[in-house]
Amino acid sequence: MKVLIVEDDGAIANLIKVNLEAEGYGCTCAPDGKVGADLIEKESFDLILLDIMLPEIDGYELLEYVKPIGTPVIFLTAKSGVGDRIKGLKLGADDYIIKPFQVGELLARVEALLRRYGKLNQKLVFAGVEIDMASRTVSRDGEAVDLTVKEFDLLVELIQNKNVALYRERLYEKVWGGTYMGDTRTLDSHIQRLRRKLGWERYIKTVFRIGYRLEEGE
């Protein structure tokens, strides 16, 4: 998923970018409306996060430019008046988030909007293994594979970050939701079971002193 962030406050833009990229989105930032318009003309995006009060071209004007393309838009703005929200939604914005906002709320709204547009991939495929995100089922070469809840979540995390070395800390905190305390046994045993159940000994690589990486086998 490619997301364009049109935001003139660099700190806010970077905060959004870091958190979206941690969830697997690809992000591009534009510091003003003119740069945003140029990027929209040159590239294709799945979602645009758009501030209203922008230099060069404001968010309302840029939204008019985006509408014919059909790309979903979420307004991010400090303009909290009801009239401002009504104007933004009537102009064609799909959602409207008022600053300051919680990152968790932003991520939830991004996911909900992309799902509404049918843009979220509900199936992941890698090396003969197919994962159905909606039903949380896994099959290998057409045969069902029985995974525990944590094994499934770990598999999704690996596939969504294919060819990236993932730190043990990140994997543990993403899958188990707690703070990583340095004990590798739980994570390592789940990795070993995934390798065995999927026949992925050559795909899930151990990265020395870091963690694991899912990569194409030789």
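**Notes on the predicted model**

1. With a relative accessibility of 16%, D188 counts as buried (under 20% relative accessible area; exposed is over 50%, partly exposed is in between, with a 1.4 Å probe and protein chains only). D188 sits in helix α8, residues 185–198. Helices here are DSSP runs of H or I with at least four residues, strands are runs of E with at least two, and both are numbered from the N terminus. Setting aside neighbours within four places in sequence, D188 is in contact (heavy atoms within 4.5 Å) with R168 and Y212.

2. A word on the ground rules: this is a predicted model, where local features need pLDDT of at least 70 and side-chain atom pairs count only at pLDDT 80 or more, while totals for chains, interfaces and linings use all residues. Residues are numbered from 1 along each chain as its sequence is written, and side-chain values use heavy atoms, with hydrogens and water left out.

3. Next, an open sheet: 4 strands are arranged in the order β6-β7-β8-β9 with antiparallel pairing, where two strands pair if DSSP finds at least two bridges between them. β6 and β9 (143–145) stand at the edges with a single partner strand each, so one side of each has no neighbour in the sheet. From one strand to the next, the twist averages 25°; axes are lines fitted to C-alpha atoms, for helices over the stretch in contact, and angles run from 0 to 180 degrees between N-to-C directions.

4. The β6 and β7 pair is worth a look on your screen. Antiparallel strands β6 and β7 (residues 129–132) are joined by 4 bridges. K123 has D132 as its bridge partner in β7, and V125 has E130. The two strands form a hairpin with 2 residues between them, and A127 in the turn has a positive phi of about 50°.

5. Helix α6 (residues 149–160) lies across β6, β7 and β8 (137–140), running at about 110° to β7.

6. A second open sheet has 3 strands in the order β10-β12-β11, again with antiparallel pairing. Its edge strands are β10 (166–167) and β11 (204–207), each pairing on one side only. β10 pairs with β12 (residues 211–214) over 2 bridges, and Y167 stands opposite G211 in β12.

7. Now for a helix pair. The axes of α2 (residues 33–42) and α3 (residues 59–66) come within 10 Å and cross at roughly 10°. The two helices are therefore roughly parallel (under 35 degrees; over 145 is roughly antiparallel, 65 to 115 roughly perpendicular and the rest oblique). G33, A37, I40 and E41 of α2 make the contact with L62, Y65 and V66 of α3. These residues divide into 5 nonpolar, 1 polar and 1 charged; Ala, Val, Leu, Ile, Met, Phe, Trp, Tyr, Cys and Pro count as nonpolar, Asp, Glu, Lys and Arg as charged, and the others, Gly among them, as polar.

8. How many disulfides does the structure hold? There are 0 disulfides (pairs of cysteine sulfur atoms within 2.5 Å). The sulfur of C27 is 6.7 Å from its closest cysteine sulfur, in C29, which is too far for a bond. C27 is buried, with a relative accessible area of 12%, while C29 is partly exposed at 32%.
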